[in-house]
Amino acid sequence: MSETLSSRTHDEERQGEAYVSTGGEPRAHRKKFYIESYGCAMNFADSEIVASILDERGFGPTGNYLEADLVLLNTCSIREKAEQTVRNRLHLFRQVKRERPGMLIGVLGCMAERLKGKFLEEEKLVDLVVGPDAYRTLPGLIEEAESGQQGVNVLLSRDETYADISPVRLDSNGVTGFVSIMRGCNNMCSFCVVPFTRGRERSRDAASIVRECADLFERGYREVTLLGQNVDSYYFVDEAQDEIVTFAKLLEKVALIDPALRVRFSTSHPKDITDEVLHTMAKYDNICKYIHLPVQSGSTRVLQLMNRTYTREWYMAKVDRILEILPGCGISSDIIAGFCTETEEDHQDTLELMRYAKYDMSYMFFYSERPGTLAARRYQDDVPEEVKKRRLDEIVKLQNRLSLESNRRDIGKICTVLIEGDSKKSAADWRGRNSQNKVVVFPKGELGLQKGDYAQVRVEDCTGATLIGKVI
Ligand code: SAH
Ligand code: SF4
Ligand code: F3S
């Protein structure tokens, strides 16, 4: 799962096209479910909540859909391509169902929410359609589906945070874990479908977040990533403690669990990240010095149409501020090429801002109009596809150069690496990440290090995506 998040090259995967299947240890379960997750980390985290709800009802995970009683697709609507990927997968599962009619197929997540009942008309043989706030009702809906009815619940909630549900970790490396701290989004970026599929923003009980992180630490995990669409607007009133918990406060509480537990978070909206958060990051060594700060566009005019509520200059000042309080902090971004009315000059503004921010990494996309969004209703999707693709290509090439330059600047430096597992290329090498979220690979040697250990590594070489070093 973290593989998709940590990819440091052009990555259509994190927010749309990636999936993992479950491969958990089979327990004494009566029935088996198989789940594929698409889209953002929050969707992956939701699949672990779903796994927990199903576990209580006697369903255990399987990595083989051919033996599953229940096949679930946790879907993403962020771009058209993400939805197309899911539709293709559904074709396959419908064929499997013809051979195994008892098998139930369920669509969860953002696409379920966006298409609601239409799914059942369009995609025959889908038995369940369940939106992101309705997972607690899954067991009842499964029973309905088992008796031949279709089970649908796409009600959004103002207060559901699944705070009390302890996620069943799927496909976990046992070292890094995601922890949801809020749900929904109140921003109305004009291109974005998320406010429609995930509903209003709400923050999860702070004590339950700290408990979940502490529990992960007890179980050997050494890194938690706090997740929300806009983590900096986290706000929880803890009446029992008579305390207002802001995001900075929450970060501190999690950092205090243990100095050996790393804390990351995603995503920060540039308009909301405060000095208080930056100072909290500076105060605790175990809060990673890395901020994902999506800019979307470098043109103030386009940013206005996107309803991002900041200007190009304001964003640049935010980057300056981050580096002033946190020298050497890693910064990454999301960029959309070819938004409505984008001119060549706007595009050049984006490239120039990328050079200014010297992003270590970016997720880059071309604009995909989403039905029902502000942009779809108000503006024409008027940048021709070949122009969008050419601009995206230029953005990707520039980012590849910036990533390589950023990595070259690290040669000779010593960094602390949390070991996540074997390197993809060789079992003789460890793979981990440094505080700035860069992937670091180094020889295991005879040092007796283990997954979940920290190593001090001197960087000796690099590619655009990886730092290569040696333990000192
Ligand atoms: N909450 C996060 C982003 C969630 S969506 C934030 O505000 O930063 C992840 C990314 O997908 C967005 O940052 C944006 O770059 C991209 N995206 C969203 N809608 C899109 C669309 N309609 N077309 C192309 N990319 C889109
Ligand atoms: Fe979408 Fe904007 Fe909310 Fe991010 S902040 S989820 S881009 S509406
Ligand atoms: Fe996709 Fe929904 Fe996440 S639309 S990016 S899965 S919030």
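Why does ligand 3 lie between domain 1 and domain 2? Look at the shell around ligand 3. Domain 1 (8-153) gives residues to that shell, and domain 2 (176-408) does too, so ligand 3 lies between them. Keep in mind that this is a predicted model.

Let's stay with ligand 3. It is surrounded by 11 residues. The closest are Cys-40, Cys-76, Ser-77, Cys-110 and Gln-229. By class, the shell splits into 5 nonpolar, 5 polar and 1 charged. And where does ligand 3 sit? In the largest cavity.

Now ligand 2. The space it takes is the largest cavity.

Next, the cores. In soluble globular proteins, nonpolar side chains tend to be buried together. Here, the largest nonpolar core has 70 residues. Which members touch the most others? Leu-226, Tyr-234, Phe-247 and Ile-291.

Take Phe-247. Leave aside its neighbours within four places in sequence. Phe-247 is then in contact with Ile-181, Leu-226, Val-231, Asp-232, Tyr-234, Phe-265 and Val-277.

There is also a second, separate core, with 24 residues. Ile-53, Leu-70, Leu-72 and Leu-128 are among them.

Note on methods: Residues are numbered from 1 along each chain as its sequence is written. Chains are lettered from A and ligands numbered from 1 in the order in which they are written. This is a predicted model: local features need pLDDT of at least 70, side-chain atom pairs count only at pLDDT 80 or more; totals for chains, interfaces and linings use all residues. Side-chain values use heavy atoms; hydrogens and water are left out. A residue is near a molecule or strand if one of its heavy atoms lies within 4 Å of it. On a 1 Å grid over the protein atoms alone, a cavity is a set of points where a 1.4 Å probe fits but cannot get out, and a pocket is an open set with protein on both sides within 12 Å along at least five of seven lines; lining residues have an atom within 4 Å of a point. A molecule sits in a cavity or pocket if more than half of its atoms lie within 2 Å of its grid points. Ala, Val, Leu, Ile, Met, Phe, Trp, Tyr, Cys and Pro count as nonpolar, Asp, Glu, Lys and Arg as charged, and the others, Gly among them, as polar. Domain bounds come from an automatic or database domain assignment. A nonpolar core is a set of buried Ala, Val, Leu, Ile, Met, Phe, Trp, Tyr and Cys residues joined through side-chain atoms within 4.5 Å. Buried means under 20% relative accessible area, exposed over 50%, partly exposed in between (1.4 Å probe, protein chains only). Contact means heavy atoms within 4.5 Å.
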